[in-house]
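This report looks at contacts between side chains in one protein chain. Please keep the sequence and the structure in view while reading.

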Amino acid sequence: MDQSLHFKRFAGTRRWGVVLAWTGWCMSFALGQTVPQEVDLTELSLEDLMGIKVTLVSRRPEKMSETAAAVYVLTNEDIRRAGVTTIPDALRLVPGVGVGRIDANKWAISSRGFMDLFANKQLVLIDGRCVYSPIFSGVFWEAQDVYMPDIDRIEVIRGPGASLWGANAVNGIINIVTRKAIETRGFETYAGGGTEQKKFGGARYGGASRSGFAYRIYAKYFDCGASVFEEGSRAADNWDVLRGGFRMDWDRQTGKSFTLQGDAYGGQVGSTLQIPVLAIRGFGYPTPISGGNLLGRFTRVFSPASDLILQFYVDRVVRKDSVTVSGSYYTVDFDLQHRLRAGRALDMVWGVGYRHTADQIEENKYIIYNPWERNYGVASAFVQDEISFLKNRLRLAAGSKFEYNDFSGFEYQPSLRLLSKIGKRHSVWAAVSRAVRTPSRTEEDLHHLLVEGNRDFLSEKLVAFEWGWHYYATERLYIDVAAYVNRYHHLRSTEPVVFRNKLSARAGGVEAAADWSPRDWWRLRLGYTRCALNTSLDSGSLNFDALRMGEESPASQFTVHSSMELAGCVEFDLTGRAVGRIASARLNRVPSYLEIDTRIGCSPVQGLELSLTGKNLLKKRHPEFLANWITSVPTDVQRSLSCTLSLTL
């Protein structure tokens, strides 16, 4: 036997043996030791959680436990303690959000079914900037990133939010909110490496003046190695990106504030070509990506009952894909929002906006868009009024978004939400909403061997019925439960090589989450999701494969995250997830899986932290998701280990 091969196998076995032994020792140590009473994770987590204010549900700050929606907030501390380095990995911590990795740089992320590479019913925002692609109707997750320590929170709504945020907020909204510049003063840097992300690092510096001006600048880089195919050979999906940006805030005592921030990035993502029809693996090829954005936001607080927000941003995205779609697009967006409260019973918010996009798709041998260049826009207005009864114990919110877009014309998206507080610890809510997913450039203008676009393609429509319960059981336990029934019409189908709207679906499910601190030094977060999706063909449809669409997403998912403060300066975190199988024969029936991630962190002195993170520790490798139409070959998710050193001054 080759001695070098024997050594590598032995080294790998020894390495993971050490990791598992370390994990077991820390768990036994945590359960067997007396932890100093001054460490109180209940005060640092659950109490803070109850006071966290979210803006997604009503476009104004309100407590998470008093919202008439299925909402969850992932905090900066949650992200740090989990040891995640990408936004998709952070979203795995959110109950009710399905995350399936396709290869080293591609993910399928959605809530309440319809998972795919371009999950077209999930709206994603970063500081109010929409990153939903108008070309494919979805998100290029490999291009979406921020300086992770700068994330203040990630707000997630499961269910429609289109009455305030517009089209494509059908099954949910993800809003990534970064911290104010005043909160990131000083110097911070981190660096690390591992078996999956070969090397990564970043640095940030911020400052402030007495006049109310604060700023920060940052840069980060990572190099992620290639993943493997089922039989163990290497793919060509390695991935590296360099990113930098800034933020400046001016806060005046007069109630005026202004924010200016921007980011720019450049890198390369790899893929392995899947030859259509023949279903054989082709060659690997790189795709250079780049882009940048600039966002400005002006806020004027007239009084505690009235404020105005004016936001403007420009965004540029460039992809040089030699096989699929290569090109660029520019987006300019304007949004105005005004809130007015009349007395204690009436709270109204309204606004107008306009978004303009200009794209230029490059010609290639495989795919044709007609026309290659196109300009299109969306004009919108919204209004929502909330009325309170019985000393604010009963709240009724009604509103709608009205839009006109160049693909499907006029769209309206109303909602009605009711919240009732029962005592100090219970609140129940119900909602009925209508939302649409508007057509994309691909669905109208694509010309390909396997499918043709259709200028008569309509918006996909949803009518959703939701119920929920927030329960603050004790100072140590918070429970959140939601149930829903979704009815979809005019869904996309291929008949047989043309995009049409000849599919309907009905989905129903339940979602439960709990935040529990059994000890002062121990916090547990648990989540369970169950979704049943059934599709039916409309008259004249021949797309019989679509009848099994409900089998293309996991039907159930259970997650648990444990955070412990050990004696001294050691943190121990354990994340487990059990994900149901993908039963679709068209996607090769991905089996269910159970996995565990762990992180051990130590701060020997203030400002210095060393952490070791292990991911997918139970199996050497396993598949998570197979996209149903892209040309990239999916790969397995591998066991990995990384080490990070961070310094804050």
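Glu466 and Arg417 are both buried, and their side chains form a salt bridge with an N to O distance of 3.8 Å. Glu466 belongs to strand β25 (residues 460–474) and Arg417 to strand β22, so this bridge links distant parts of the chain, 49 residues apart. The model discussed here is a predicted one.

A second bridge joins Arg577 and Asp597, at 3.0 Å from N to O. Arg577 is in strand β30 (residues 570–579) and Asp597 is in strand β31 (residues 593–602), so the bridge ties together parts that are 20 residues apart in sequence. Arg577 has a relative accessible area of 7% and is therefore buried, as that is under 20%. Asp597, with 14%, is buried too.

## A bridge across the sequence, and a network

Which elements hold Arg525 and Asp78? The side chains of these residues meet in a salt bridge of 3.4 Å, N to O. Arg525 sits in strand β28 (residues 522–537) and Asp78 in helix α3 (residues 76–82), distant parts of the chain that are 447 residues apart. Arg525 and Asp78 are both buried.

The count for the model is 58 salt bridges. Some of the charged residues are linked in a network of salt bridges, including Arg60, Glu62, Asp307, Arg339 and Lys421.

## Aromatic pairs

How many aromatic pairs does a search of the whole structure find? The search gives 16 aromatic pairs. One of them is formed by Trp107 and Trp239, with the ring centres 5.7 Å apart and 65° between the planes, an edge-to-face arrangement. Trp107 lies in strand β5 (residues 106–111) and Trp239 in strand β13 (residues 239–251), so the pair ties together parts 132 residues apart in sequence. Trp107 is buried, with a relative accessible area of 1%, and Trp239 is buried at 4%.

Tyr147 and Tyr218 form a tilted pair, 5.6 Å from centre to centre with 45° between the planes. Tyr147 is in the loop between β7 (129–130) and β8 (151–158), while Tyr218 is in strand β12 (residues 213–224); the pair links distant parts of the chain, 71 residues apart. Is Tyr147 buried or exposed? Tyr147 has a relative accessible area of 1% and is buried. Tyr218 is buried as well, with a value of 9%.

## A ring cluster and a residue beside Tyr205

Tyr205, Phe213, Tyr215, Trp250 and Phe258 are linked into a cluster by ring pairs. The C-alpha atom of Tyr205 is separated by 4.5 Å from that of Phe187, although the two residues are 18 residues apart along the chain.

Phe187 is part of strand β10 (residues 186–194). Phe187 has a relative accessibility of 31% and so counts as partly exposed, a class that lies between under 20% and over 50%.

## A positive patch on the surface

Lys391, Arg393, Lys424 and Arg425 gather on the surface in a patch of positive charge. Where is Lys424 placed? Lys424 is in the loop between β22 (409–422) and β23 (426–437). The relative accessible area of Lys424 is 83%, so Lys424 is exposed.

Key
Residues numbered from 1 in each chain as written. Predicted model: local features only at pLDDT ≥ 70, side-chain atom pairs only at ≥ 80, totals over all residues. Heavy atoms only, no water. Patch = residues over 30% accessible without salt bridge, like charges linked within 9 Å, V, L, I, M, F, W, Y side chains within 5 Å. Areas by Shrake-Rupley, 256 points an atom, 1.4 Å probe, with all protein chains shown as cover. Salt bridge = Lys/Arg side-chain N within 4 Å of Asp/Glu carboxyl O. Lys, Arg positive; Asp, Glu negative; His and termini not counted. Charge placed at Lys NZ, Arg CZ, Asp CG, Glu CD. Helix = DSSP H or I, 4+ residues; strand = E, 2+ residues; numbered from the N terminus. Buried < 20%, exposed > 50% of the residue type's maximum accessible area, 1.4 Å probe, protein only. Phe/Tyr/Trp six-rings, centres within 6.5 Å; stacked < 30°, edge-to-face > 60°.
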